[in-house]
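Reader: Could you take a close look at one part of this model with me? I'd be glad of a connected walk through it.

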Amino acid sequence: MAYASRKAAQRRRRRLERRIYWFVLLVALFFLGLTLFLNQQFVRVSDIRVTGNIQLSEQDIQSETETFFSSGFNVIPADSIFFLSTNQVERYLMTEFPRIESVRVSRDFFQGLDIDVTERVRRYRYCSQGQGCWYMDDKGYVFAQESENDAENLFVFRKYSTVPVSTYFLETELFEDIVLLINTIESSGLSINEAYVANESTLVLETSGGTKLLFDTQREFDSAYTNFVKLLESESFSVDADSKSFVSDIAYINFRFGDKIFYCFTGEVCEMNY
């Protein structure tokens, strides 16, 4: 009886081993066939269409997309229409092309890929001493270096530290507040030539006449602007409508100290002491 039981157990074990063997073989053959199928050209992207581009060339976007597909080693190709990740392609293109503000990638049947891009609009320039200028969008995002061939007369921002491409000039909210302050001051008749962030807390706006207006970026601009409006009521600080600058030769006006306003006329000892 014991012998017969051992023989029966051995037969059951061999049947189980054969079943496992055939199961593993079938699974391996299935995945091998699937891999071979997914590597066939008729199920891989071969037609990349780009729309919405203005400054960026269609060829550059197509080339970078193909580079993304070919990077790394994948058993299942990255450009397989069945496993293609449109989100990954979008993130890759946004990283490679800072000029792109938004991008939408979608499949088109088996071999087509549609890429619709929206490019950033050049609104301002960020200039660095001796290093040239870069374009920024309306939120202060630095996205492209200016070239001699496409230089534009855009408002200039400067900063005490270098701002790399693909980063923001300042925090978005602060940048938008500064733009609003500039626009509000210019509505009073003054013309602002450029803005300079001198340090982490000081903003310097230079008028067309060379007067420097100093503001504290760590305070709300509302009270400083109220003081500015009151100052314009004084004859010494009146604005010439033609030149859009102060009538008097004013070196600077400092609004950084709450309700206290400090100013200095050109040629006085205090001219460089701000």
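Is Val-165 buried, exposed or partly exposed?

Author: Happy to! Val-165 counts as partly exposed, because its relative accessibility is 36% (buried means under 20% relative accessible area, exposed over 50%, partly exposed in between, with a 1.4 Å probe and protein chains only). A word on the basis: this is a predicted model, where local features need pLDDT of at least 70, side-chain atom pairs count only at pLDDT 80 or more, and totals for chains, interfaces and linings use all residues. Residues are numbered from 1 along each chain as its sequence is written, and side-chain values use heavy atoms, with hydrogens and water left out.

Val-165 sits in the loop between β7 and α4 (172-186); helices (H or I, at least four residues) and strands (E, at least two) are DSSP runs, numbered from the N terminus. Apart from neighbours within four places in sequence, Val-165 touches Pro-98, Trp-134, Val-142 and Phe-143, contact meaning heavy atoms within 4.5 Å. Arg-99 lies 66 residues away in sequence, yet its C-alpha is 9.9 Å from that of Val-165.

Now the sheet. Nine strands form an open sheet with mixed pairing, in the order β6-β5-β4-β7-β8-β9-β10-β13-β14; two strands pair if DSSP finds at least two bridges between them. β6 (142-145) and β14 (260-265) are at the edges with a single partner strand each, so one side of each has no neighbour in the sheet. Strand β7 (residues 155-159) runs parallel to β8 (residues 192-197), joined by four bridges, and Arg-158 stands opposite Tyr-196 in β8.
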